[in-house]
Amino acid sequence: MPLLEITDLHARVAEKEILKGISLTVNPGEVHAIMGPNGSGKSTLAGVLSGRDAYEVTGGEVTFDGHDLLELEPEERAQLGVFLAFQYPVEIPGVNNTYFLRAALNSIRKYRGEEEMSAPAFLKLVREKMNVLHIDQSLLNRPVNEGFSGGEKKRNEIFQMAVLDPKLAILDETDSGLDIDALKTVAEGVNALRSPERAIIVVTHYQRLLNYIVPDFVHVLSAGRIVKSGGKELALELEAQGYGWLESGSTSELVAA
Amino acid sequence: MEFLLKTDMNSEKLTAPNSYLRDFTGTDTGSDNPGPSWLSALRQNAAARFAEVGFPTRRDEEWRFTNVSPIAETPFTLATKAQSELSAEGLSRFTYQDLAGTQMVFVNGHFASDLSSATFPDGVSVKTLAAAMADNSPLVEKHLGKSAKFDTESFVALNTAALEDGAFVHVAAGAILTAPIHLLYISTAEAGPTVSHPRTLIIIEENSEVTLIESYAGASGQVYFTNAVTEVVVGENAVVDHYKVQRESEKAFHIATMQVSLTRSGNFSSHSIGLGGLLVRNDMNAYLGGEGIECTLNGVYLGKDKQVFDNHTSIDHAMPHCNSHEIYKGILNDYSRGVFNGKIFVREDAQKTDAKQTNQTLLLSPNAQIDTKPQLEIFADDVKCTHGATIGQLNAEALFYLRARGIKKDDARALLTYAFASDIVRRIKVDAIRSQLDRVLLAESALEGIAE
Ligand SMILES: Nc1ncnc2c1ncn2[C@@H]1O[C@H](COP(=O)(O)OP(=O)(O)OP(=O)(O)O)[C@@H](O)[C@H]1O
Ligand SMILES: [Mg+2]
């Protein structure tokens with residue numbers, strides 16, 4: 001059974017239709033990359049999947065692990081195992097990073113019928129994951145994302161993902177703005193989480209990240225539609241040709257993989 | 001002169017302020033009291049003043065947003081000593097279980113010796129004002145009624161006209177007190193609406209250090225009126241950490257004036273925490289009368305239902321090189337209303353003043369409301385004065401971020417509300433008060449452990 005099944009999804013924001021019929025099937029263990037130019041709807045798709053209420057779904061269906069995903073509150077989706085790494089992680093002054101993450105983890109565990117994690121067990125888990133992502137201890141004791149550099153924010157997202165252990169991770173441009181070292185660290189963190197049970201959707205503008213996180217499938221999103229799907233080679237072709245061919249409206253220029 | 005007239009339902013006659021004097025203070029003229037003659041004079045002057053001005057109305061600039069006519073319209077009577085019994089068990093609801101230190105308890109304005117600490121630490125004298133006056137304490141005569149202005153403030157006049165007893169705290173020069181002193185004013189209005197006039201005089205001598213807590217509390221559902229006046233005199237180079245925790249009954253009226261006088265190098269911090277009451281007015285006035293003073297006025301209040309919280313603060317910089325910092329934060333739910341009026345005076349001599357005022361309000365309901373007004377009057381030219389006010393709702397992006405991590409909507413709201421207040425909460429040095437506030441802020445959310 002697919003983990004995620006998106007069928008003919010339409011969505012709009014502020015009266016403007018953004019997603020114009022997206023269909024996508026993601027099985028456990030797979031890594032999908034979604035690429036596309038600015039404004040093509042990548043974040044909108046991520047937002048619709050995670051339950052952001054600015055978007056209005058006007059048609060289509062999304063099934064996640066047997067549930068009608070679109071019927072659920074954002075927290076229920078997270079509890080079921082959907083994780084969104086934000087393109088722009090939010091700064092939350094006054095909320096300590098560690099306590100926030102523990103509250104999140106315990107809320108998810110509670111939903112799954114597991115016991116709350118004790119403070120010492122939690123700290124042990126956190127230390128383990130921190131090492132993988134080279135997260136500085138001091139970031140944990142600061143308010144969520146407040147005063148973090150761009151790279152720290154992105155690493156913090158992946159760190160949260162590692163702690164929360166989702167079934168489906170959607171990474172929205174987690175690579176943008178990172179220098180090569182930070183990019184490798186993030187990729188290492190993501191690769192460490194690849195498993196036969198987990199699926200990952202990597203949303204990105206650039207091919208570069210996909211050198212380090214090698215996807216099973218690549219999809220090209222343009223003006224709210226998936227205009228091309230293929231294997232990992234598709235990303236390289238895109239890189240070579242740029243997104244210009246999309247605007248010219250001729251998809252035939254792109255050699256099929 | 002404007003004053004409210006009371007309509008007597010039975011006789012339909014209009015009643016002038018004198019009748020309030022009788023009902024609210026037990027005297028028409030302030031003359032009948034057992035204390036020293038200077039006290040009689042003080043009471044009489046205050047009573048005469050109240051008879052002249054009566055209650056403020058909304059035409060009075062200082063009361064523009066707060067209508068006190070519900071106080072005038074409620075048939076309050078002065079709580080008697082006989083009505084002021086409280087068992088140790090009854091007390092436990094209002095004390096902090098885990099608060100180290102000593103306490104002095106008043107029930108309906110009357111001292112309850114059986115509920116109070118028998119002894120106080122070295123370096124501090126804590127007794128009733130009545131006892132201090134019986135001992136002819138020159139300090140009491142020198143300071144009582146001197147800084148809290150009954151000539152301009154109606155409610156101070158009413159309190160002063162009724163002045164018989166109260167708390168007297170005297171910290172000796174050089175005394176360093178590690179555990180807090182808790183003054184607890186409890187109201188029990190089982191016999192009908194009663195009024196009490198808690199009066200506190202705190203004198204802190206030079207080079208000493210002390211933490212003081214004033215609590216005002218009452219049983220849920222009871223209608224009463226607390227009309228409190230506190231005068232604090234801070235000596236040179238003394239360090240004072242003051243907490244006012246107001247958790248009156250949700251049907252109570254609470255009107256209070258706190259007047260602080262500081263001298264050279266004094267360091268005074270106030271934390272005003274407002275949780276209870278139906279109609280609450282706090283006047284917090286600090287006079288910075290020496291060089292090198294540090295004065296911090298912080299406040300946080302949580303309104304729900306139809307509560308009204310009116311905070312008026314005034315910081316009077318009279319001398320050079322003083323710093324004042326002020327942050328007041330309101331969290332308003334349901335139909336609650338807040339008022340913030342923050343005055344900062346910088347007198348001609350007060351060069352090199354650094355004054356910073358912030359007022360922030362979180363509106364959790366579309367029906368909640370805040371009126372905020374900074375009022376800076378600056379007569380010196382080499383000073384730094386800033387003020388800022390923000391009014392906002394919970395950040396929708398932050399709310400979504402928390403929910404996207406699996407935190408339930410209500411918990412996420414509680415967490416962000418907690419975060420809003422956190423910079424005030426963090427500055428609270430008394431653990432028992434901080435955890436009390438944590439509990440209230442995170443009430444009914446699954447997040448209690450968050451604030452550990
Ligand atoms: N809240 C909003 N209000 C109005 N328009 C919006 C809103 N959010 C997105 N849009 C519009 O929807 C379109 C798609 O935006 P989206 O953020 O999904 O693109 P994207 O592919 O993620 O782009 P980028 O590469 O810049 O991140 C854009 O034209 C954008 O301007
Ligand atoms: Mg985007």
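The legends below describe close-up views of aromatic rings in a predicted model.

**View 1. Phe55(B) and Phe155(B) form a tilted pair of rings.** Across all chains, the count of aromatic pairs comes to 19. In the pair shown here, the ring centres of Phe55(B) and Phe155(B) are 5.4 Å apart and the planes meet at 45 degrees, so the pair is tilted. Because Phe55(B) lies in the loop between helix 2 (37-53) and helix 3 (69-73) of chain B, while Phe155(B) belongs to helix 7 (residues 154-161) of that chain, the pair ties together parts that are 100 residues apart in sequence. Phe55(B) is buried, with a relative accessible area of 1%, and Phe155(B) is buried as well, with a value of 4%.

**View 2. Tyr185(B) and Tyr216(B) form a stacked pair of rings.** The centres of these two rings, Tyr185(B) and Tyr216(B), lie 5.1 Å apart with their planes at 10 degrees, and therefore the pair is stacked. Tyr185(B) is part of strand 8 (residues 181-187) of chain B and Tyr216(B) is part of strand 11 (residues 209-218) of chain B, so the contact joins parts that are 31 residues apart in sequence. Tyr185(B) is buried at 4% relative accessible area, and Tyr216(B) also counts as buried, at 1%.

**View 3. Phe55(B) and Phe155(B) belong to an aromatic cluster.** Other members of this one cluster include Tyr20(B), Phe24(B), Phe50(B) and Trp63(B), and also Phe76(B), Phe225(B) and Phe253(B).

**View 4. Charged ends of Arg247(B) and Lys329(B) sit over aromatic rings.** The charged end of Arg247(B) is placed over the ring of Tyr96(B), at 5.2 Å from the ring centre, whereas that of Lys329(B) sits over the ring of Phe420(B), 4.7 Å from its centre.

Conventions
Residues are numbered from 1 along each chain as its sequence is written. Chains are lettered from A and ligands numbered from 1 in the order in which they are written. This is a predicted model: local features need pLDDT of at least 70, side-chain atom pairs count only at pLDDT 80 or more; totals for chains, interfaces and linings use all residues. Side-chain values use heavy atoms; hydrogens and water are left out. Rings of Phe, Tyr and Trp (its six-membered ring) pair if their centres lie within 6.5 Å; planes under 30 degrees apart count as stacked, over 60 as edge-to-face and the rest as tilted. Helices (H or I, at least four residues) and strands (E, at least two) are DSSP runs, numbered from the N terminus. Buried means under 20% relative accessible area, exposed over 50%, partly exposed in between (1.4 Å probe, protein chains only). A charge sits over a ring if NZ of Lys or CZ of Arg is within 6 Å of the ring centre and within 35 degrees of the ring normal.
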